Number of protein chains: 2
Amino acid sequence: MNLIASTVYLAVVVSAADPLTTRLSSPDYTSAPPNLSTLANSSLYDTWRPKAHILPVYGAIGDPCMHYTDPATGLFHVGYGHEGASGATTSDLVTYTDINPNSAPFIREGGINDPVAVFDGSVIEKGINGTPTLLYTSVNYLPIQWTVKYTKGSETQSLAIATDGGRNFSKLEHGPVIPSPPFALNITGFRDPFVFQSPIFDNILHTSNGTWYVAISGGIHSEGPSVFLYSQYEQDPNFETWEYLGQWWHEDANSTWTEEGWAGRWGFNFEVANLFALDGEGYNPHGEIFTTIGAEWSYAPIVPQVSDERDMLWVAGTQKLSENGKLEFEPTMAGFLDCGRSAYAAAGKEVRESSLPSQTSGAPDRFITYVWLTGNFYGTLDFPTAQQNWSGSLLLPRELSVGYFDVVDNALSREKGSWRIEAEHGNGTLTLATLHQEIARETLGALKSNTTTHFIQPGGTFSSSRSLNRSPNSTHYILTTTLNFSPSARNNSALKAGLSIFSGSHESTTIYYQFSNESLVIDRSNSSAAANTTLGITTNPEVGKLRLFDVPNGSNGTAIETLEFTIVVDGGVVEVHVNGRFAISTWVWSWFEDSRDVGIFVEGGEVEFGDVIFWEGLVDAWPERSA
Amino acid sequence: MNLIASTVYLAVVVSAADPLTTRLSSPDYTSAPPNLSTLANSSLYDTWRPKAHILPVYGAIGDPCMHYTDPATGLFHVGYGHEGASGATTSDLVTYTDINPNSAPFIREGGINDPVAVFDGSVIEKGINGTPTLLYTSVNYLPIQWTVKYTKGSETQSLAIATDGGRNFSKLEHGPVIPSPPFALNITGFRDPFVFQSPIFDNILHTSNGTWYVAISGGIHSEGPSVFLYSQYEQDPNFETWEYLGQWWHEDANSTWTEEGWAGRWGFNFEVANLFALDGEGYNPHGEIFTTIGAEWSYAPIVPQVSDERDMLWVAGTQKLSENGKLEFEPTMAGFLDCGRSAYAAAGKEVRESSLPSQTSGAPDRFITYVWLTGNFYGTLDFPTAQQNWSGSLLLPRELSVGYFDVVDNALSREKGSWRIEAEHGNGTLTLATLHQEIARETLGALKSNTTTHFIQPGGTFSSSRSLNRSPNSTHYILTTTLNFSPSARNNSALKAGLSIFSGSHESTTIYYQFSNESLVIDRSNSSAAANTTLGITTNPEVGKLRLFDVPNGSNGTAIETLEFTIVVDGGVVEVHVNGRFAISTWVWSWFEDSRDVGIFVEGGEVEFGDVIFWEGLVDAWPERSA
């Protein structure tokens, strides 16, 4: 749970009853913007609003959380922080139905256990009496942050059960079921309980098959971040008693998987840990254990109440019983789930093949995660939120699996990074494993099929930037292309290649790869004329570390692997996906109406581009809202 | 904390602002009473109101609790349940000053930790920053009772600190410091934290000198009552972390010290445990460990939400470390602190010789306890409370010590009872030890010195009942007398001897001892004409088990020990103290104005009475209220 963002809502809402009626006439996008914070409330509602993404009708969105497949309907419920927690149902991972009118919450603060706030939680789908049962962080005191003294009792874990098909989660009339952090730990945080079952854990711990576990995120002052593990006590069907099993995972404060930057920093406090197992197809409880976590940290000197950075990471690893009988996690590889600095707090859930979306698409058991994209950098930006009347979005759902790919066995592939060696073939090649992530198949398929316009710009080999013959007319599209680099590119420190988007006579945003520091960059420095007039319109670059490996190419030849872009532009949301194992997402607050062009971007060398394929229009994820 | 009584307040208050102004003209006590519940509100305010006892200006009084000597002033603060908890200060244990006008509480429910209720607590006198610091039971859910399923999280233990000299206890802005009962115990209760220091505990447990401990009262469903022990963790000066040390004391459900009835029943759930050490003079932390506890139980079949009986017991015992390193208590003797069925929930505190009362009286370190006398049998009686506009009282303060007395070594003294053998002298005598309790010396002294009338009725040997030559004119007096029984009396099953009080043409109450079942009885069957017209005026007898031992008498002779009565009558409150080791207290709701006589009561034999000495008037404990 991001604590700053969770308090944004009050400043945002202009009209709860019917925000549509309060929207004013559109600003003039043909001339330079005024200070946007001087505009009428809600006048920017449409300017950067995504259509295929998940966000409430109005107001701020916080962390995704509390997803579940309702066993009674097969519908998948996607939850998110909003006046407590709100959510939507989907039968296809494409379109969504608000669980309540106006995105009203299904749970909110104000109970005996949670007088101050409701933070993230997760759902046991067949819980108490077979009903979806939510375990969530009930909050009693604020502020809470890893940079300040922890107020005892701030965060406890409480239960609520679905009623009315999930339109409300009714809090159980008893106290928290996890009423305190482990004894005498000077914690930095203790929240975001993630419930799961694991035959692997059952086996190692000699617990009954089907035991429920809870991973709780946090850390210990001056020691570092931790995931605290609990198990259902004596298979209590009411889930009232959870036994502490120790720190499943702990890292030293301010440490990192590798200082080379492949997996950010472990930081000082973990949030939103998800714990699940994957194989090459998707979710498999007998597979490889993964966790996705949010890691909070700051540059020195640490300023109270300020977390400079939040890294959204994934980690895979092995489990072992320690000498004192505690189950402990040892990472084997780690990376960013999304490199965007505003992308955080991912929350996922296993989505079984029996769910409605999977029944339709034929997908196997999957683990699907939603990443949050904060609209005001965790509440620290003075964005013209009242003018927009909403803040933040979830990113498109992603399905996760273990990805395997063959590479040349060399220093690049042997470095400690966001991959591990799965197999050594003895012929100069390795099979690497990493987290494979793709936009959910139904979502991606729908974005490509339910479009208003589809066109292809032929590729070619380019040594300079150029406009495409045709560009989208809107800010709602998906495009793919590929870049092939010659072997010499790896040592060409001047080379930058990719695409420009939101380009026009005044603005442009560039998405490019460079070998110099092996990074994928979104250069937003000229992305918004509004940045010149308005606070909170940030234009700092987004940078993600991405390695293009050497791969076998023909008989004994090698090549740099192809960079495969999938870029989603949806209002102000830009998602850049590369090679099924890299994502970087951000906001681009382009202002001018003519900033619609997409172009080839090349500097310092020559690159072979594949076709640039456009699907414009995207799906309206909320058909019932516009009805 | 008695849970039923704690909710009585709402039904009781007629006028908070100035109850005096709303009192109506006195009822007619010269003729038979009407149904008292038909009278005007507050019209019975004075009828049975005590003057030397502690009770609030109006409304109900609950458990005594939260006493302390303020280190800044030396004043002793006496607390009690009332709209939360209220209290008064005293410099002499005789007169009291309300800590707040109109007995307004110094703490009340409604905070984040205690939205529903504030139950009993105790005070670390030099606590956080040297300030009196209260540890109390913060309540989140009701109902709570040993007869029903325990609602998880109902009772936690929280801190508050004295401000404004104790006129307010400010709740600390963090969660409970003992946020839950011990792991996975299906408890019956978890409340009334009693803080103490003990060099004995320090020594056995190898903890730092001066460590604070907490005894929390409760029990475990189907297992029985318990006292849970905690210690201050690493001498945390903020008292935020308490380590669970195990069940210091546990008894099987529905068991007893002895079925002979010397110490009631352990029952099913403990409340209000105090834990302290005494020697022959008073409080001595190196002395013998005592606990006073309330034990809840019912006759079979147990009815949900009904606790038929509440025994107010004392217990002494030894400590030992169990094999698993837990400190465990083993009783060596146990008895009733007060045998009255309405007397319960005693709360005491060590009162040092440096306190203001002790400085004046020259008393050594003492442990002084106040017993509660419920006015409506724990909320179960339909007493005309609105007409009285108050309910219940505390009994007079008692100082506790270890009492020693020499007896003949025979079956009587060797029985397992409310005493233990301190020494065997080999000459046919034993020294027994027991809990010695006396009305606090200052209180008793003041009741005998600050009187309006003092007179003595000469004693004599009587074989029948008779009026005294002179009786008090009021219902506020203290009297003493002695009864000497001939050796044959022990086998005289018809013999009953004592005093009648509140006697007149229509009513009488008899206080007598009988050897037939070794009991002290208060026969209230004819005590109140109002019982014939009004619900809730109970007339059932009060019975307490009391052994008069054989004692050495001259050279080789033996005698039955003298029965020494001290009886306090204060409005409707009657306290009967015998031989410094027995007390039985109750209400007598005498109605008629002429029911003032005191008489000798003898049936079935002959008894030698000493002088009956009266001190009439008693002290007004609340001079500032009547001002």
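Author: Helices (H or I, at least four residues) and strands (E, at least two) are DSSP runs, numbered from the N terminus. This is a predicted model, in which local features need pLDDT of at least 70 and side-chain atom pairs count only at pLDDT 80 or more, while totals for chains, interfaces and linings use all residues. Residues are numbered from 1 along each chain as its sequence is written, chains are lettered from A and ligands numbered from 1 in the order in which they are written, and side-chain values use heavy atoms, with hydrogens and water left out.

Reader: Where is Phe239(B), in terms of the strands of chain B?

Author: Phe239(B) sits in the loop between strand S12 (224–232) and strand S13 (242–250) of chain B.

Reader: What is the phi of Phe239(B)?

Author: The phi of Phe239(B) is near 55°, which is a positive value in a residue other than glycine. Most residues other than glycine have a negative phi, and most peptide bonds are trans.

Reader: Which residues does a cis peptide bond join in chain B?

Author: A cis peptide bond joins Leu142(B) and Pro143(B), with omega about 0°, and another joins Ala300(B) and Pro301(B), with omega about -5°. Pro143(B) belongs to the loop between strand S7 (133–139) and strand S8 (155–163), whereas Pro301(B) belongs to the loop between strand S15 (288–297) and strand S16 (309–321) of chain B.

Reader: What rotation and shift superpose chain B on chain A, and why does that matter for naming the axis?

Author: With the copies superposed by least squares on the C-alpha atoms of residues with pLDDT of at least 70 in both, a rotation of 180° with 0.0 Å of shift along its axis brings chain B onto chain A at an RMSD of 0.0 Å. That is the relation of a two-fold axis, which is why the name applies. In chain B, the C-alpha nearest this axis is that of Pro179(B), at 3.1 Å from it.

Reader: How do you know that the copies meet through the same surface?

Author: Contact means heavy atoms within 4.5 Å, and 25 residues of chain B are in contact with 25 residues of chain A. Because 100% of the interface residues of chain B are also interface residues in chain A, the copies meet through the same surface.

Reader: What area is buried between chain B and chain A?

Author: Buried area is the accessible area (1.4 Å probe) that two parts lose on being put together, summed over both, and here it is about 1,900 Å², of which carbon and sulfur atoms give 65%. On the side of chain B, Ile112(B), Tyr141(B) and Lys152(B) lose the most area to chain A, together 35% of what that side buries.

Reader: What makes the pair Glu240(B) and Lys149(A) a salt bridge?

Author: The term requires a side-chain nitrogen of Lys or Arg within 4 Å of a carboxyl oxygen of Asp or Glu; the side chains of Glu240(B) and Lys149(A) meet at 3.7 Å, N to O, and therefore qualify. The count between chain B and chain A is 2 salt bridges, and over all chains the structure holds 48.

Reader: Why is the pair Arg398(A) and Asp338(A) said to tie parts together?

Author: Their side chains meet in a salt bridge at 2.5 Å, N to O. Arg398(A) lies in strand S22 (residues 398–408) and Asp338(A) in strand S17 (residues 327–338) of chain A, so the pair ties together parts that are 60 residues apart in sequence.
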